[in-house]
Amino acid sequence: MASSPSKARPASLSAPNQKRLYLGVQSVNVYVRDQDRSLQFYLDQLGFRLAFDAKLQSGDRWVAVSPPDGTAILALIAPKADSPEHKLIGRATHVSFVTEDVTATFLEWSRRGVRFSSTPRLKRLKYETKPPVMPSAGQSILGEQNPIWGGVFARFRDIDGNSFSLVSFDEFTHHLESQRRAEAERQEHERRAAQELEIAKRVQARLFPQTQPPLRTLDYAGVCIQARQVGGDYYDFLNLGQERLGLVLGDVSGKGIAAALLMANLQANLRSQVGIAVDQPERLLRSVNQLFCDNTDDGAFASLFFAEYDDRATRLRYVNCGHLCALLLRGDKSVDRLEATSTLLGLFKDWDCSVGERQLFSGDMLALYTDGITESFNQADDEQFGEQRLIDALLRHRNECPQGLLDAIVGEVRGFSPGEQHDDITLIVAKCTTKEEPNLFTLH
């Protein structure tokens, strides 16, 4: 027994797990005598836009236009004189164009020479307030219905006499006004968000060191190139007094605004506690970890490399809090990796660390970096930049000044991974020297 048509389910509903395929209207055919002449009418007099103008494999030309708003496409077809389609030129197309103001469009198009067969007139449409039923023979399908919304209609012809309807509906106008308000609100929200992000970018830029404490035996420089307008990488140069310098580099979990806020929190904690760093770096970092835990949500953490350099003794004491190992390239080109001496900051309130120590000699070079360098990816070779490439680049450019070294390394990373930058790139390089006078300069 055949199933009742009223109970048949649409194909798209009969297989709930099946992927829904895209379905839309491609175009409506309008038959014209001359495509170029007709195209000029639709573009110049109606203000439509050109959608397609191409040669088909058959050699025929396919020309299509579209109104300035919406996705409808009219294909302007010039049929052969002896074809059935040629007889359709100059007929009613049954195509309606909708606008929010028929009268205004009527006046504008009339000034451009468009021929209207009727002036705009109001027509009241009906809407069934009860569930619709099929009418009996001779009964109007509208039945006893209540007026719910009205419309204004006009008819016009193109240059070939094809007729179209121009309509507007109360409901459409209200809907369009609502859409415009929503779009205006969205644009205003995006403008404010962009403005606030730009302010955040300027504020964060001021959190990076603006000056460098002068040292006799160490030249150093740092850079942070963020993947977004703001980010979670952090580096700093801290004047610890007693001819000592703090070198700090960190990577906060997350990206964007959330990471930037955590980075600012970490920087504030470090700078507020820096007075105890010279004699007790372990105490400093325990305090920083406690503040980080107290002031951030569960799950927030940061890796950090903190080093204290003694300018008189050319000695480096450091704590590596779960960060990538720093690279100490000796004058004989050997590499000393300064591995982690503690876990990440912010994960555990019960936290402690140990302090490592290295003696630096003239010609030695220290590099601190984040994974934005070593994990930069080359899609063509399916490889990361990696630690070894970084070491090779540092050795190749070791005769450069620290700022020159930074520029060279960043250039090689970007050349290796020329696509979109996905992570912050942060790097500090420091070279042990035998200068007698301090090196004074300001970061810009």
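# Close-up views of a predicted protein chain

**View 1. Buried positions of helix H5.** Helix H5 buries Gly256, Ala259, Ala260, Leu262, Met263, Asn265, Leu266, Gln267, Asn269 and Leu270, where buried denotes under 20% relative accessible area, exposed over 50% and partly exposed the range in between (1.4 Å probe, protein chains only). H5 comprises 17 residues, 256-272, and its first and last C-alpha atoms are 24 Å apart, close to the expected 24 Å at 1.5 Å a residue; the expected span is 1.5 Å times one less than the number of residues. Helices (H or I, at least four residues) and strands (E, at least two) are DSSP runs numbered from the N terminus. The model is predicted: local features require pLDDT of at least 70 and side-chain atom pairs count only at pLDDT 80 or more, whereas totals for chains, interfaces and linings use all residues. Residues are numbered from 1 along each chain as its sequence is written, and side-chain values use heavy atoms, with hydrogens and water left out.

**View 2. The protein chain as a whole.** The protein chain contains nine helices and 21 strands. Of its 444 residues, 42% are buried. Its accessible surface is about 25,400 Å², with 51% belonging to carbon and sulfur atoms; accessible areas follow the Shrake-Rupley method with a 1.4 Å probe, and for residues only the protein chains shown count as cover. Among contacts (heavy atoms within 4.5 Å) between residues at least 6 apart in sequence, 67% join residues at least 24 apart.

View 3. Strand E3 (residues 61-66) pairs with E2 in the antiparallel sense over six bridges. Lys55 lies opposite Arg61 in E3, and Asp53 has Val63 of E3 as its bridge partner. Five residues separate the two strands of this hairpin, and Gly59 in the turn has a positive phi of about 95°.

**View 4. Strand E21 and its partners.** Strand E21 (residues 425-432) is largely enclosed by the rest of the structure, because eight of its eight residues are buried. Ile425, Leu427, Val429 and Lys431 are buried on one side, and Thr426, Ile428, Ala430 and Cys432 on the other. Strand E10 (residues 218-225) pairs with E21 in the antiparallel sense over eight bridges, with Ile225 opposite Ile425. E18 and E21 are also antiparallel, over five bridges, and Leu366 stands opposite Ala430.

**View 5. Surroundings of Tyr369.** Tyr369 lies in strand E18 (residues 365-369) and counts as buried because its relative accessibility is 3%. Leaving aside residues up to four places away in sequence, Tyr369 touches Leu249, His323, Leu324, Cys325, Leu327, Thr374, Glu387, Leu390, Thr426 and Leu427. A polar atom of the Tyr369 side chain lies 3.1 Å from the backbone oxygen of Cys325. The C-alpha atoms of Tyr369 and Asp251 are 9.4 Å apart, although 118 residues separate them along the chain.

Terms used:
Two strands pair if DSSP finds at least two bridges between them. A polar contact is a pair of N or O atoms within 3.5 Å; within protein, one must be able to donate a hydrogen and the other to accept it, and residues adjacent in sequence count only if both atoms are side-chain atoms.
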